[in-house]
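I opened a new model and went through its fold step by step.

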Amino acid sequence: MENLDISVKKISMTFNSGSKNIIALDNISFDVEQGKLFCIVGPSGCGKSTLLRIILGLLEPNEGTVWTNPTREKLGVAYVQQHALLLPWRTLLQNAALGIEIKSKLNPRTIERVKKEIREYRLNEFETNLPSELSGGMKQKADIIRALESRPKLLFCD
Ligand SMILES: Nc1ncnc2c1ncn2[C@@H]1O[C@H](COP(=O)(O)OP(=O)(O)OP(=O)(O)O)[C@@H](O)[C@H]1O
Ligand SMILES: [Mg+2]
C-alpha cells in the first residue's frame with residue numbers, strides 16, 4: 001500500500017429511485033499509484049460522480065471498500081465538484097482563497113499567489129464580482145483555483 005494513493009475494492013452502488021433500482025456501480029476495483037494522474041472516462045450516467053463521492057467518503061457504498069493514503073490525506077484533499085459550488089456571499093477572490101483561509105494560511109503572500117493565479121486565468125477584471133455576477137465557466141475556474149491553491153496532496157476533479 002506504501003506506493004498507492006487510492007485503492008478501490010469491489011465497490012457496488014444501487015440507487016432506489018421510485019419503483020426502479022439504478023445500478024450505478026457494479027463491482028468496481030482499481031488502484032491509483034502515488035503521484036499519478038488517473039482519469040475515469042465514460043458516458044453520462046455511468047457512475048463517475050458517484051464513484052468520486054464514495055472515494056471521498058461523502059456516500060456510503062452498498063458493497064466494497066475504499067482506502068486512501070492517510071499521510072497524503074492528512075496533508076490535504078481538494079474536490080472540484082461537477083457544478084462549481086461557490087459561496088454566494090463571497091467575491092471571486094474570496095472564494096478562490098477559501099481553501100487557504102480554512103487552513104489559516106491567509107497572509108499578503110498567499111493572497112498575492114491567488115491573485116496571480118486569477119490573472120493567469122484572465123479573471124482579474126472579475127476579482128470583486130460575486131458568483132451571481134460570473135459566467136458558468138468563470139465559476140468553474142474560480143473553483144479550480146480554490147482547489148489548487150489549497151495545495152492538496154490528493155486532488156479530485158469531477
Ligand atoms: N441520489 C441519487 N438517487 C438516485 N439515482 C442517482 C442518484 N445519484 C446518481 N443516480 C443515478 O446513478 C447513475 C450514475 O450517476 P452519476 O451522477 O454518478 O453519473 P456520471 O457518470 O457522473 O454522469 P455525468 O457524466 O452525466 O456527470 C445515474 O443513472 C443517476 O441517475
Ligand atoms: Mg457526473
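Predicted model: local features only at pLDDT ≥ 70, side-chain atom pairs only at ≥ 80, totals over all residues.

**Overview.** Reading from the N terminus, I noted the order β-β-α-β-α-β-α-α-α-α-β. Along the principal axes, the C-alpha atoms fill a box of roughly 45 × 40 × 25 Å. I also looked up burial: buried residues are 20% of the 158 in the chain. For contacts with a separation of 6 or more, I found that 68% link residues 24 or more positions apart.

**The sheet.** Next I traced an open sheet of 3 strands, ordered β2-β1-β3 with antiparallel pairing. β2 (20-33) and β3 (63-68) are at the edges with a single partner strand each, so each has one side without a neighbour in the sheet. On average, neighbouring strands here are turned by 20° against each other, direction ignored. I counted 5 bridges between β1 (residues 4-17) and β3, and I noted Ser12 opposite Glu63 of β3. Helix α1 (residues 48-55) packs on this sheet and touches β1, β2 and β3, with its direction at about 120° to that of β1.

**Helix α6.** Then I turned to α6 (residues 136-149), whose 14 residues reach 20 Å from first C-alpha to last, close to the 20 Å expected. Which of its residues are buried? My list for α6 reads Lys141, Ala142, Asp143, Ile145, Arg146, Ala147 and Glu149. Their cover includes β4 (77-80), α3 (92-96), α4 (98-102), α5 (108-120) and β5 (154-157).

Technical notes: Residues numbered from 1 in each chain as written. Chains lettered and ligands numbered in written order. Helix = DSSP H or I, 4+ residues; strand = E, 2+ residues; numbered from the N terminus. Expected span 1.5 Å × (residues − 1). Buried ≥ 20, exposed ≤ 12 C-beta atoms within 10 Å, placed from the backbone. Contact = placed C-beta atoms within 7 Å. Pairing = 2+ DSSP bridges. Axes fitted to C-alpha atoms, helices over the stretch in contact; angles between N-to-C directions.
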